[in-house]
Amino acid sequence: MPVVKLDDCELYYEEFGEGRPLVLVAGLGGVGAYWNAQLEEFSRHFRVIIHDHRGTGRSSRSKIAYSIEQMAADTIGLMDALEIEEADFVGHSTGAAIAQVLATTHPERLGRIVMASAWTKADGFFRRCFEVRRELLRNAGPEAYIKATPIFLHPSWWIRDNIAAIEKGESEVYGSNLDIDIMDSRIDALLNFDWTDRLGDIDKDVLVLGVRDDHLTPAYFSNELAAMIPDAKLIIMEDGAHAASQTKPDVFNRIVLDFLLEGEAT
């Protein structure tokens, strides 16, 4: 099993393809398998690295106070272990928050950055969504939490058309054997995150990619984020909801690759 050993944990990771490194970082679920719909296409152009966040999947289930800054430090630890000095970076949701941290604390380690389905800081709507998810986790249990997750992430039509696949693969894509205390702490990490005071310091090529019908991190967050990052490019997909990388992979992949490969041509 491919793992890297950090000072206090092990991170499970996988690599695909060759060339310039491209780090894909998943959202709250934390498992690298979230990116299955991107791996074939992206690995034609890049050395793609995915990993399971600490506390999820096949990585160490550390009993710590989780934070976005800690997740960013783990990502740098992974890059160090794999001897990756610089990589392009695509972060989804929580992964996009990690990108905000790294773009200001370790800008020399990142090339072009995609922040997909991102948010700036928790507002009343965002907080209510994650409080509901926390209540499901704590009071109904991990199985109910996992079963409800597609409702927050996917459009109704996609759930309708893919219900069998969702039920077969949800533990792989959303994480299995959830530790309630760890996930509770990871939700706190999202609710406590606020990097808005530092976004103006980002001096990188950034694409902020939102989705018009995202009902977990609404498109207004993407508009706000792009306005706060100097010279950021903003694209809003018409549909696909929060997990548009899964529900509209052809559109998502084309947009992201066009942006990343534009950097290769310059």
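Which residue lies over the face of F259? I looked this up and found R112, at 4.2 Å from the ring centre. I count a charge as over a ring if NZ of Lys or CZ of Arg is within 6 Å of the ring centre and within 35 degrees of the ring normal. I also noted R133, whose charged end sits over the ring of F152, 5.2 Å from its centre.

Notes on the source. I am reading a predicted model, where local features need pLDDT of at least 70, side-chain atom pairs count only at pLDDT 80 or more, and totals for chains, interfaces and linings use all residues. I number residues from 1 along each chain as its sequence is written, and side-chain values use heavy atoms, with hydrogens and water left out.

Next, ring pairs. I searched the whole structure and found seven aromatic pairs. Rings of Phe, Tyr and Trp (its six-membered ring) pair if their centres lie within 6.5 Å; planes under 30 degrees apart are stacked, over 60 edge-to-face, the rest tilted.

W119 is in the loop between β6 (110-116) and α4 (124-140), and F193 in the loop between α7 (180-192) and β7 (206-211), 74 residues apart. Helices (H or I, at least four residues) and strands (E, at least two) are DSSP runs, numbered from the N terminus.

F193 also pairs with W195, stacked, at 6.1 Å centre to centre and 10° between the planes. I checked burial (under 20% relative accessible area, 1.4 Å probe, protein chains only). W119 is buried, F193 is buried at 3%, and W195 is buried at 10%.

Technical notes. Buried < 20%, exposed > 50% of the residue type's maximum accessible area, 1.4 Å probe, protein only.
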